[in-house]
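The following exercises are to be worked with the sequence and the coordinates at hand. Each task is followed by a solution in steps.

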Amino acid sequence: MGTRRKAFKAAFPNTIPVMTGYVFLGITYGMLMATSGFPAWLPVVTALIIYTGSMEFLLVSILVSSFNPLSAFLTTIMVGARHLFYGISMLGKYRGMGWKKFYLIYTTSDETFAVNVSADIPPDVDRGWFYFWVSLLDQSYWVIGSAFGGICGSLITVDMKGLDFVMTAMFAVIFLQQWVKDGTGPKSFFTDHVCEFIGLGGSILCLILFGPEKFMIPSMVLILVLLLVLRKPLEKQIQKKEQAEEQGVVPND
């Protein structure tokens, strides 16, 4: 019991930034579901079972549109493809975790991955329980927010049109934050932002070629192929940057 408590105390502070985002996003999601005509309990069920924020927002439009299982399947694969990279990155960290490994894999969201992959875990804290508490707390924040939003949404009578734009706004902010974080100066401008250029350029190209209704899947495929092709150079650049940051210098191209 002491091991679990110690791991919880170490994990909780790392999840506070996630809590502030998940609770409010969960509220938005719950309100969107409820104002779209679904019962207040459905956001809670999907938060427990599906638990992938961006896909849950898309789920609302999928459920209210005409039945198209193939489109829903492809959309889910497309949106969740990034988790393949998360899983590969965490294979070593989650090895030997016993029964906790299955839950850790299931709950590896964007933010949970970011916390667990970079957390500085004290040597006297059990790593398996630390990862478990981070994963459980993060999902709890999302479930609580979704429940609260579902209840509030079921009581709202005003028009909530445009609420689904919150995900677009969130991804725009994440993109800008990543751009600012990666930038270190004009001498390394392109290499620092190569991933952003791939994502933005690939999306714009497919938007031009396939149109606004059909560009999503081709753009995700193109981005995936480009990242796989450039994986080794990108890994070298990341290692170079990390070494430079440890030495307190700015890397040049």
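**Exercise 1. A serine and its surroundings**

In which helix does Ser146 lie? Determine also whether Ser146 is buried or exposed, and list its contacts beyond the neighbours within four places in sequence.

*Solution.* The model is a predicted one.
Step 1. Ser146 belongs to helix α8, which covers residues 127-155.
Step 2. The relative accessible area of Ser146 is 0%. Buried means under 20%, so Ser146 is buried.
Step 3. With neighbours within four places in sequence set aside, Ser146 is in contact with Gly26, Ile27, Tyr29, Gly30, Pro43 and Ala47. Two of these residues, Pro43 and Ala47, return in the next exercise as buried residues of α2.

**Exercise 2. The buried face of α2**

Which residues of α2 are buried, and what covers them?

*Solution.*
Step 1. The buried residues of α2 are Leu42, Pro43, Thr46 and Ala47.
Step 2. Viewed down the axis of α2, these buried residues fall within an arc of 135°, and they therefore line one face of the helix.
Step 3. A general rule applies here: an α-helix has 3.6 residues a turn, so residues three or four places apart point the same way.
Step 4. The cover over the buried residues of α2 includes α1 (2-35), α3 and α8.

**Exercise 3. A residue with positive phi**

Where is the place of Tyr51, and what is its phi?

*Solution.*
Step 1. Tyr51 is found in the loop between α2 (42-49) and α3 (53-64).
Step 2. Its phi is positive, at about 45°, although Tyr51 is not a glycine. For comparison, most residues other than glycine have a negative phi.
Step 3. Tyr51 has a relative accessible area of 6% and is buried.

**Exercise 4. Salt bridges**

How many salt bridges does a search of the whole structure find? Identify the side chains that meet and state which parts of the chain the pair ties together.

*Solution.*
Step 1. The search of the whole structure finds one salt bridge.
Step 2. The side chains that meet are those of Asp124 and Lys6, at 3.7 Å from N to O.
Step 3. Asp124 lies in the loop between α7 (110-118) and α8, whereas Lys6 lies in helix α1, so the pair ties together parts that are 118 residues apart in sequence.
Step 4. Asp124 is exposed, with a relative accessible area of 52%, while Lys6, at 40%, is partly exposed.

**Exercise 5. The second largest pocket**

Which elements give two or more residues to the lining of the second largest pocket, and how much space lies in this pocket?

*Solution.*
Step 1. The second largest pocket holds about 390 Å³ of space.
Step 2. Its lining consists of 19 residues, and those nearest the centre are Gly80, His83, Ile105, Tyr106 and Thr108.
Step 3. The elements that give two or more residues to this lining are α4 (69-80), α5 (82-90) and α6 (100-106). The largest share, four residues, comes from α5.
Step 4. Sorted by class, the lining has 10 nonpolar, eight polar and one charged residues.

**Exercise 6. The protein as a whole**

How many helices and strands are there in the protein, and what percentage of its residues is buried?

*Solution.*
Step 1. The protein has 13 helices and zero strands.
Step 2. Of the 253 residues in the protein, 36% are buried.
Step 3. Among contacts with a separation of 6 or more, 72% join residues 24 or more positions apart.

Conventions. Residues numbered from 1 in each chain as written. Predicted model: local features only at pLDDT ≥ 70, side-chain atom pairs only at ≥ 80, totals over all residues. Heavy atoms only, no water. 1 Å grid on protein atoms, 1.4 Å probe; cavity = no way out; pocket = protein on both sides within 12 Å on 5 of 7 lines; lining within 4 Å. Points joined across faces, edges and corners; volume = space filled by probe spheres on them. Nonpolar A, V, L, I, M, F, W, Y, C, P; charged D, E, K, R; others polar. Buried < 20%, exposed > 50% of the residue type's maximum accessible area, 1.4 Å probe, protein only. Contact = heavy atoms within 4.5 Å. Arc of directions from axis to C-beta. Salt bridge = Lys/Arg side-chain N within 4 Å of Asp/Glu carboxyl O.
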